[in-house]
Structures are given as structure tokens and as C-alpha cells.
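Work through the exercises below with the structure in view. Try each task before reading its solution.

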Amino acid sequence: MKHFFGILIVVTTSSGFALKAGEWKKHVVTQSGRTSTAVAADFDGDGDVDVISGYPGTVSLFLAPDWEELVLHRFAKPKGNLIHSEVLDVDGDGDMDWAGSQAPGMPFWLENPGDGSGAWAARIIDHDIRGIHCLLKADVDNDGNQDLIINNFFPDGMLADSVAWFKVPKNPAMAERWERYVFADRTARGGSHYFGFGDLDGDGWGEIAIGAKGAPFEDGNWFAYWKNPGKADVKEAWEKTLIAGNQLAATNILPGDLNGDGVMDFLASRGHSQGVIWFEGPNWTLHTIDQTIKSPHSLTLADLDGDGDLDGASCGFESREVAWYENDGKGRFTKHLLDDAQESYDLRSVDMDGDGDLDLLNAGRATGNVVWYENPLR
């Protein structure tokens with residue numbers, strides 16, 4: 001099923017111009033029900049980009065090009081929500097595995113058997129985390145391998161108000177748990193949400209940024225980052241720096257040089273309230289990109305138009321609109337509306353059709369679908 005969108009939005013920005021969005025095709029992967037996350041990779045080795053998503057009770061693989069569904073995992077509590085997920089080669093065998101969690105629940109990974117079947121073994125990552133909200137893959141310790149950053153969303157339990165990164169053990173198929181390093185030791189109170197990872201100070205080691213939504217938790221509504229100490233296997237907590245407080249229902253915070261001055265900035269959203277914004281480094285001066293979008297819970301940062309600078313995209317689940325924000329290279333953004341009848345909880349920049357440009361993969365929340373938008377660049 002395909003739908004076509006090419007909606008012109010005239011937006012008053014500091015640059016004073018607006019451009020036509022072009023025609024993005026909307027492709028439906030599944031309409032299986034409420035879903036909060038979707039990730040993509042060639043999971044069966046046939047050259048096509050497949051999708052793994054989850055709706056209440058299951059984790060499912062949808063095989064391209066016809067999106068045949070294979071149920072990979074069923075939860076013991078069928079009403080639980082799969083809140084966030086990642087794709088990485090956990091066991092180093094050359095195929096892509098999956099990591100995620102039921103909310104509330106322990107993080108786990110599914111081992112890809114590599115034969116395109118649904119026989120994916122489930123293995124625990126950590127036994128002490130409860131109620132995660134985000135996983136992010138990143139090479140935290142600079143060893144060339146992907147690690148996972150995972151939060152403890154609830155303000156209770158052994159890892160209350162904390163966030164840790166996890167190193168894949170030497171034999172992940174046999175290990176009881178992954179190696180845990182708590183870098184935000186009870187310093188992430190307030191409903192920590194999504195993460196960003198990037199080298200902010202140019203020392204070659206990536207920092208971890210977090211947004212915290214607040215209500216119903218205390219001490220939230222902030223964006224902050226934790227400085228990587230620049231050593232492998234550090235057990236001590238990292239130094240925290242506040243980017244901005246009084247940011248109602250903060251969620252996403254992604255690092256990148258948005259204005260081309262060679263200094264890292266942050267693209268951010270207040271995903272449980274209103275607004276897409278950016279913070280200009282090094283003093284984190286706030287600039288508004290879109291002040292009207294409601295509940296922009298999903299956010300991605302990538303070069304969507306192929307001009308060499310970083311653009312943004314989001315979907316406001318209250319506004320029910322998907323938009324991308326064209327950067328002129330100087331941090332001035334023009335909004336282009338792609339869809340006005342779609343919700344989202346998770347939006348990713350992925351080359352879904354293998355044509356060399358980045359498309360947008362969207363997990364549709366209460367619209368009960370997973371869809372992707374085909375970039376007209378190629």
C-alpha cells in the first residue's frame with residue numbers, strides 16, 4: 001500500500017524562506033496494532049531491508065518486500081508494551097541481532113539464527129533494570145564494538161534514577177548478564193527518556209546526553225550530558241553537565257554540528273509537551289525550530305536532502321503530523337510536512353530501499369501501524 005504526500009508548508013523562520021517538500025511515498029509495513037518502536041536491517045541475508053517491531057504481547061519480524069510476519073518472541077504478560085529497541089551484531093557472527101524490553105521488564109536480546117526463520121533465542125542482558133524506556137547502541141569504550149546504553153526508568157529498585165552502559169560479554173550466548181557500568185549513578189532522576197551519543201569536546205570519546213520528561217516523576221524537565229572519562233572499563237560515575245532546565249517534558253537530545261561552525265550542538269524535542277528546538281554549543285543557547293508541534297516524542301538527525309548538513313525530522317503524536325526540518329547549513333530550519341494523519345513514538349533515518357538516500361521509518365503508536373516514507377532525493 002502506498003500513499004503520496006507532497007504538502008507545502010510555509011514557515012516563518014530566521015532564514016525567511018520555505019521550500020516545497022517534494023513527494024514522499026508512504027509505505028505501510030504492518031497495521032497489526034499499537035506499536036512504540038521499529039528498527040530495520042537485512043535480517044535474513046537476502047539483500048532487502050526488513051523491519052522488527054512489536055505490538056502488545058509480541059516481537060515480530062516483517063520480511064521485505066511483502067512484509068510477511070514472523071513472530072520472534074511472545075511475552076509472558078501479553079498486554080505489555082515493547083517500548084524501545086536496537087539492532088546490533090551481538091555475537092559477532094555477521095548477522096544482525098535485536099535488543100529491547102517489555103515495559104516494565106528486563107532488557108533482553110534475540111539471537112538471529114541467520115536462516116530467515118523465527119527461531120530467535122531470547123537471552124537476558126541485565127536482571128536488575130526495571131521499566132526501561134530507552135536503549136541506544138554506541139561504542140562507549142572505543143574498542144570498535146557496539147555497546148548498549150540502557151536506563152532504569154522508574155525511581156525505585158537497585159538502579160533507581162540511574163543509567164548504565166553495557167558491554168557485550170565474551171560469550172553472550174552463555175553469559176548470565178552483560179558487563180554493567182553505571183555512569184549516571186542516581187543522577188538521572190526525573191523520568192529519563194531518550195539518549196544521544198557523540199564526542200562533544202573533541203577528545204575522541206563520546207559523551208552521553210539524556211532528556212528527562214518529569215511528571216509523574218520528580219526533578220525532571222531537563223536536558224543534560226555526562227562526560228566520558230576517556231578510559232575503558234571505568235566503574236566510577238561520570239561528571240554531569242546540565243544543558244538546560246525548565247524544559248517541560250523533555251525527551252530527545254541528539255548531538256551534531258547544526259550550524260557548521262565546527263562546534264557540537266544538540267537537536268532536541270519536548271516529546272511529552274510541545275516543540276522541536278536546538279541548543280547551540282558551546283554555551284547551549286536555545287533556538288526554536290518548531291514551537292507548535294505537539295508531543296514530538298520521536299526525533300532523528302541526519303542529512304535527509306544530501307547537501308552535506310544535518311537535518312531533523314519528528315512526528316507529533318498529538319498533532320498527528322510527520323515533518324522534516326531542512327537545515328540551510330547555518331542552523332536555520334524550514335519545516336516540510338510529510339503526513340497529517342500519522343502518530344509516532346519512534347522515528348529512524350534508514351535507507352529502506354537501498355537507493356543511497358535516507359528514508360524515514362516510523363512506529364505508529366496509536367495509529368496502530370509501522371510505515372516508512374520514501375525519500376524522493378534519488
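**Exercise 1.** What is the strand order in the open sheet of 4 strands, and is the pairing parallel or antiparallel?

*Solution.* Keep in mind that the model is predicted.
- Read off the order: 7-8-9-10, with antiparallel pairing.
- Find the edges. Strand 7 (81–88) and strand 10 (121–124) each pair on one side only.
- Look at one pair. Strand 9 (residues 108–111) is joined to strand 10 by 4 bridges. Phe108 stands opposite Ile124 in strand 10.

**Exercise 2.** Which residues have the most contacts inside the largest nonpolar core?

*Solution.* 
- The core has 39 residues, and Ile149, Phe183 and Trp226 have the most contacts inside it.
- Trace its sources. Strands that each supply at least two residues include strand 7, strand 12 (147–151) and strand 14 (179–184).
- Take Phe183. Beyond four places in sequence, its contacts include Ile149, Trp165, Trp226 and Trp238.

**Exercise 3.** Why does the pair Lys167 and Asp143 tie together parts that are apart in sequence?

*Solution.* 
- Start with the contact: the two side chains meet in a salt bridge, 2.5 Å from N to O.
- Lys167 lies in strand 13 and Asp143 in the loop between strand 11 and strand 12, so the bridge ties parts 24 residues apart in sequence.
- Check burial, where buried means under 20% relative accessible area. Lys167 is at 15%, so Lys167 counts as buried. Asp143, at 35%, is partly exposed.
- For scale, the whole structure has 20 salt bridges.

Definitions and conventions
Residues are numbered from 1 along each chain as its sequence is written. This is a predicted model: local features need pLDDT of at least 70, side-chain atom pairs count only at pLDDT 80 or more; totals for chains, interfaces and linings use all residues. Side-chain values use heavy atoms; hydrogens and water are left out. Two strands pair if DSSP finds at least two bridges between them. A nonpolar core is a set of buried Ala, Val, Leu, Ile, Met, Phe, Trp, Tyr and Cys residues joined through side-chain atoms within 4.5 Å. Buried means under 20% relative accessible area, exposed over 50%, partly exposed in between (1.4 Å probe, protein chains only). Contact means heavy atoms within 4.5 Å. A salt bridge is a side-chain nitrogen of Lys or Arg within 4 Å of a carboxyl oxygen of Asp or Glu.
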